[in-house]
Amino acid sequence: EALAARFNKLWKDEQIFTIDQQRHIMSTSNQMLSQRLKAFPDFENYINALISFMKGGLPKSVFNDWQNTIDEAIKGKPGDFKLFIETSNTLFTNKTIYSSPSTEWRSSSSNYLFKFDEVPYIQFPDLDLICYSRGDSVKILNTSGIYYPVKNTWIGNGGKVTWEKAGLGADIVYALIDHYEININKSQYDA
């Protein structure tokens with residue numbers, strides 16, 4: 001009920017959702033119903049993602065891309081759609097790309113694009129990619145990449161890794177990486 005009340009307040013505010021966006025949200029909800037998705041957790045995750053998106057102040061163009069990606073994703077496997085919505089919610093809430101009890105990957109930036117090519121993916125044109133794992137962290141600075149939530153795969157391009165946490169100067173000891181791939185449910189990568 002609290003979730004519905006929070007969403008209802010946003011829904012009635014014409015400054016938040018345009019009429020076209022409201023129609024798109026209703027269409028998505030109807031598609032979710034036709035796929036027999038559940039109120040909890042499926043609709044709850046979708047509504048939380050909508051709320052988080054609007055609270056995050058992201059551009060309306062990103063909203064439209066996201067909704068269009070949802071339209072394509074919902075036609076696929078229900079599990080893939082659910083994972084995409086969950087990922088969207090954590091990304092909108094606190095820039096988390098992936099989270100498990102042992103590993104969390106985050107973006108330093110809210111600059112991303114939603115796309116679909118057989119599966120949904122999120123393109124990050126410029127960010128610092130940060131992994132938190134068991135009390136430690138790793139950063140890939142000044143990188144870009146594409147994240148495939150349903151494949152748990154990040155494909156990155158460019159970046160710099162430093163060992164500042166070990167007391168070594170970032171301008172003295174560092175590695176420049178070109179192309180790399182991450183199995184995102186782990187705290188390591190291959191470059």
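The following legends describe close-up views of a predicted model.

**View 1. Packing of helices α2 and α4 in the predicted model.** Helix α2 covers residues 19-34 and helix α4 covers residues 60-73. The two helices pack with their axes 11 Å apart, at an angle of about 20°. Because angles under 35 degrees count as roughly parallel, α2 is described as roughly parallel to α4. The crossing of α2 and α4 is left-handed.

View 2. Asp 20 is exposed, with a relative accessible area of 56%. Arg 23 likewise counts as exposed, at 52% relative accessibility. The count of salt bridges in the model comes to six.

**View 3. The salt bridge between Lys 165 and Asp 136.** In this pair the closest N and O atoms are 2.8 Å apart. Lys 165 is located in the loop between β7 and β8, whereas Asp 136 belongs to strand β5 (residues 136-148), so the contact ties together parts that are 29 residues apart in sequence. Lys 165 is exposed, its relative accessible area being 60%. Asp 136, by contrast, counts as partly exposed at 44% relative accessibility, because the exposed class requires over 50%.

**View 4. The salt bridge between Lys 160 and Asp 171.** The side chains of Lys 160 and Asp 171 meet at an N to O distance of 3.9 Å, and the pair counts as a salt bridge because the limit is within 4 Å. Asp 171 counts as exposed, with 68% relative accessibility.

**View 5. A nonpolar surface patch that includes Trp 163.** The patch is formed by Trp 163, Leu 168, Ile 172, Val 173, Tyr 174 and Leu 176. Together these residues have about 610 Å² of accessible area. Trp 163 is situated in the loop between β7 (160-162) and β8 (174-176). With a relative accessible area of 39%, Trp 163 is partly exposed; this value meets the patch requirement of over 30% relative accessible area.

Methods. Residues are numbered from 1 along each chain as its sequence is written. This is a predicted model: local features need pLDDT of at least 70, side-chain atom pairs count only at pLDDT 80 or more; totals for chains, interfaces and linings use all residues. Side-chain values use heavy atoms; hydrogens and water are left out. Patches are made of residues with over 30% relative accessible area and no salt bridge: like charges are joined within 9 Å, nonpolar side chains (Val, Leu, Ile, Met, Phe, Trp, Tyr) within 5 Å. Accessible areas come from the Shrake-Rupley method with a 1.4 Å probe; for residues, only the protein chains shown count as cover. Helices (H or I, at least four residues) and strands (E, at least two) are DSSP runs, numbered from the N terminus. Buried means under 20% relative accessible area, exposed over 50%, partly exposed in between (1.4 Å probe, protein chains only). Axes are lines fitted to C-alpha atoms, for helices over the stretch in contact, and angles run from 0 to 180 degrees between N-to-C directions. Angles under 35 degrees count as roughly parallel, over 145 as roughly antiparallel, 65 to 115 as roughly perpendicular and the rest as oblique. A crossing is left-handed if the near helix is turned anticlockwise from the far one by less than a right angle, and right-handed if clockwise.
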